Amino acid sequence: MEQSLEKRTIWKKLQEHKTRLEKNDIIDLFNKNPKRFEEFSIHAREFLLDFSKNRLDKKALKDLLELAENCHLRAWMDKMRSGHHINHTEQRAVMHIALRAPADAIMEIEGENVVPEVQAELHKMEQFVKRVHSGKWKGYSGKKITHVINIGIGGSDLGPYLATQSLRPYWLEHVELHFVSNLDGAQLALTLEGMDPETTLFIIASKSFSTLETIYEAQTAREWFLETAQEHDHIRHHFVAISSNTDKANEFGIASENIFKMWDWVGGRYSLWSTIGLSIALAIGMENFRKILAGGHWMDQHFFETDFRHNIPVILALLGIWYRNFFHYDSHAILPYDSLLHLLPSYLQQLDMESNGKQIKRNGATARYATGPIIWGETGSNGQHAFFQFLHQSATIVPADFIASINTHYPLRDHQSLLISNLIAQSEALMKGRNLDDVLENLSPDNPDYDHQQLIARYRTFPGNSPNNTLLIDKLTPFNFGALLAMYEHKVFVQGVIWNINSFDQWGVELGKELASKLQRDILHGLQLEDHDPSTNGLLKHYLSKAKKQ
């Protein structure tokens, strides 16, 4: 029987390192080692990761790397790449890396190379995108498609939405793209406002073609469409599906040739690399979509083939373990200093918290250590005028990732230089802080406000010692965007391996769905069909009493 993580010798050694290092300020580590930046940074292609501003030295890093070895990380990486059912609760392989593999690659699941089938779907996507862009794909009345609405939720929405927003400079002018995900009717109603059914195409993105939010929204969109189109047969010109459930898509009215395939070995939050990326390809073209895949594949190679000491996803994962389990920091901030990446914190929130927000280990036992952190963040420099006050002066320490492109697509005046100076300054300030002596030293007795400044001096101190990483990318291209997302995917996988949890299921969403289905019957019938707890009963009665008056 495998020894529990928290009882292993390496775990205890890391606890000793934590006790030793918490007595030192991060800046002291720089004073002791002037070459710290060179030794605690990784340069790979157009990525530079600076992790020197962490409460970490060579001895602690050596044992963190030993922890990865002790947890058989390399073997788990090989299992993923070999098509093993590492998603053991759903008895599925985890092979999203095959979606971005080159055409001549061999990636097998149960003895079958899945790459040719993936390439066939990519070819089908390409032909479809060309037809829409060229105007050969026409609506039922013969008009060209001008607007595309992607209806999906979770990975079927957030991934493509992030990609299209992040790669806005690469948008083509053929179609305008829209995303609908929320069951709240306002989102769909506002999206359809002013749309012409004759020139609108809907992408229904649902692997099972049974997800409540997606299918109900799709049905509403179909009703809206048929109010004008009238003929049910016209649906084939305006609705396509991305699904593994061909029968249900056919029942909806979508022609078989307009259904793009999904596979059960692709998890929802890893699906933008698949046919779920159809909306991305319509926005930026298939050539650029393939560059996203190429970037993801390059990061796969970096992850699988680079030694752990110089492996960006592995180092990021180990730092996350270091702070979550030994320093007991509960959250992690994602701070992109690039407005094109404004959805990245939300995307990584889903990727990380849905993957590792669990406490049941692979053997069914309850973990006696913390697992996935709370992920949150905002773009810089907006965040500086919102929650950075908390980061700098709160008693709560939040490790952070600063992310930026060195070169911008929009070189207006000195905007980019000022933006990057803010990023580097914030990273430095979080590490260094400012003590009372430094504040007082900068005060002048000649200042008429001297007495007041002395009085408030303590309010101007910053504790510092907030660890942070800085990731600089040469430019936010489709290739580098793909590499960035794959980097975080692998980071999450590594942490799941070390915590001994299954990062690829999400059973925690099930109970809410089950209870919602019961309440839906109550609300749709306008009466209470069964008894609930007192709070639920009260809320239900209040809603029904008010809803009847509308």
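This is a predicted model: local features need pLDDT of at least 70, side-chain atom pairs count only at pLDDT 80 or more; totals for chains, interfaces and linings use all residues.
**Entry 1: helix α14.** Next I asked which residues of α14 are buried. My list reads Leu344, Pro345, Tyr347, Leu348, Gln350, Leu351, Asp352, Ser355 and Asn356. Then I checked what covers them: the cover includes helices α7 (158-166) and α19 (478-499), along with strands β10 (331-336), β11 (374-377) and β12 (400-407).

**Entry 2: Arg269.** Where does Arg269 sit? I found Arg269 in the loop between β9 (259-261) and α11 (278-284). Is Arg269 buried or exposed? Its relative accessible area is 4%, and buried means under 20%, so Arg269 counts as buried. I then followed its side chain to two partners. A polar contact of 3.2 Å links it to the side chain of Glu354, and another, of 2.7 Å, links it to that of Ser355. Beyond its neighbours within four places in sequence, Arg269 also touches other residues, among them Tyr347, Gln350 and Leu351, as well as Gly155, Lys358 and Phe504.

**Entry 3: the five-stranded sheet.** I traced an open sheet in the order β6-β5-β7-β8-β9, with parallel pairing. Its edge strands, β6 (176-180) and β9, each pair on one side only. From one strand to the next, the twist averages 20 degrees. I took a look at β5 (residues 147-151) and β7 (residues 200-205), which pair in the parallel sense over five bridges; here Asn150 stands opposite Ile203 of β7. Two helices went into my notes as well. Helix α8 (residues 185-192) lies across β5, β6 and β7, at about 165 degrees to β6. Helix α9 (residues 212-229) packs on the sheet and touches β5, β6, β7 and β8 (239-243), its direction making about 160 degrees with that of β7.

**Entry 4: the six-stranded sheet.** What is the strand order in the open sheet of six strands? I read β1-β2-β13-β12-β10-β11, and the pairing is mixed. The edges are β1 (41-44) and β11, each pairing on one side only. Here the twist averages 15 degrees from one strand to the next. I noted that β2 (residues 47-50) and β13 (residues 468-475) pair in the antiparallel sense over four bridges, with Leu471 of β13 as the bridge partner of Leu49. Last, I found helix α16 (residues 415-432) packed on the sheet, touching β12 and β13 and making about 155 degrees with the direction of β12.

Key. Residues are numbered from 1 along each chain as its sequence is written. Side-chain values use heavy atoms; hydrogens and water are left out. Buried means under 20% relative accessible area, exposed over 50%, partly exposed in between (1.4 Å probe, protein chains only). Contact means heavy atoms within 4.5 Å. A polar contact is a pair of N or O atoms within 3.5 Å; within protein, one must be able to donate a hydrogen and the other to accept it, and residues adjacent in sequence count only if both atoms are side-chain atoms. Two strands pair if DSSP finds at least two bridges between them. Axes are lines fitted to C-alpha atoms, for helices over the stretch in contact, and angles run from 0 to 180 degrees between N-to-C directions.
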